[in-house]
Amino acid sequence: MSSIFTADDWLSAPIPDRSRRHAATEHLLRADDWEEVVPGLDSLSVRFDPERTDPATARALFSRQLDRSDAHAAAAAREQVIAVCYDAQFAPDAGMVADRLGIALDDLPRWHAAQEWTVDIIGFQPGFAYCRAECDIPGIDRLNEPRQSVPAGSIGLLGGLCGLYPFEGPGGWPLIGRTPLALFDASRDQPALLSAGTSVRFEAIDRAQFDEMASR
């Protein structure tokens, strides 16, 4: 494992390879030795309790666990199917996004579902997933004026990323659809439906299916 950086009660290691970073995150979360485990876009950080563990011991433990996690990097990624309704009411920016991608508006749901997506990180809101496609996607710009209220379940595209909004709130991502699934539920053992490393497959549903799933 490459160099480990220390800052107060935080340790951080650069891990540019996404599969290794995701495997390491899962391994360290299971270890239950850290106050927090925070994956970044190209690194992994952990916070330790200095009253329980001195920095040198924490650093050695972090290094050992990163090395062990490499043995699990080849494990099959979890897959989560996300049902999405691309009805015009849920997709106010679909036309702009389709134009940017160079495809017909009617082809956008098919294009979105055909991509292989993986959750890179969780952030912005609890359970907000930043998903990256395996292929290169033309950069999609942020809205000139962010919306004051984006409905929960909204699906947006920005740059080469796909973002899923767990809660209603402000946001500037162009929206292309909405899922009826609860992306975050504090009553579940795992509140966030998605986590770093999860493979995501989007599946188109019509408005009637959306309403039926949302009423459950």
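**Sheet and helix packing**

Modeller: Strand β4 (residues 43–47) runs antiparallel to β3, and 4 bridges join the two. This is a predicted model, in which local features need pLDDT of at least 70 and side-chain atom pairs pLDDT 80 or more, while totals for chains, interfaces and linings use all residues. Residues are numbered from 1 along each chain as its sequence is written, and side-chain values use heavy atoms, leaving out hydrogens and water.

Colleague: Why are β1 and β3 called edge strands?

Modeller: The open sheet has 4 strands in the order β1-β2-β4-β3, with antiparallel pairing. β1 (5–7) and β3 (36–39) are its edge strands, each pairing on one side only. From one strand to the next, the twist averages 20°.

Colleague: What does helix α1 touch in the sheet?

Modeller: Helix α1 (residues 18–31) touches β3 and β4, contact meaning heavy atoms within 4.5 Å. Its direction makes about 15° with that of β4; axes are lines fitted to C-alpha atoms, for helices over the stretch in contact, and angles run from 0 to 180 degrees between N-to-C directions. Helix α2 (residues 55–69) also packs on the sheet, touching β1, β2 (10–14) and β4.

Colleague: Why is α1 called oblique to α2?

Modeller: The axes of α1 and α2 come within 9 Å and cross at roughly 125°. Angles under 35 degrees count as roughly parallel, over 145 as roughly antiparallel, 65 to 115 as roughly perpendicular and the rest as oblique. The crossing falls in the rest, so α1 is oblique to α2.

Colleague: How do you know that D9 forms a salt bridge with R47?

Modeller: A salt bridge requires a side-chain nitrogen of Lys or Arg within 4 Å of a carboxyl oxygen of Asp or Glu. The closest N and O atoms of D9 and R47 are 4.0 Å apart, so the pair qualifies. D9 lies in the loop between β1 and β2 and R47 in β4, so the pair ties together parts 38 residues apart in sequence.

Terms used
Two strands pair if DSSP finds at least two bridges between them.
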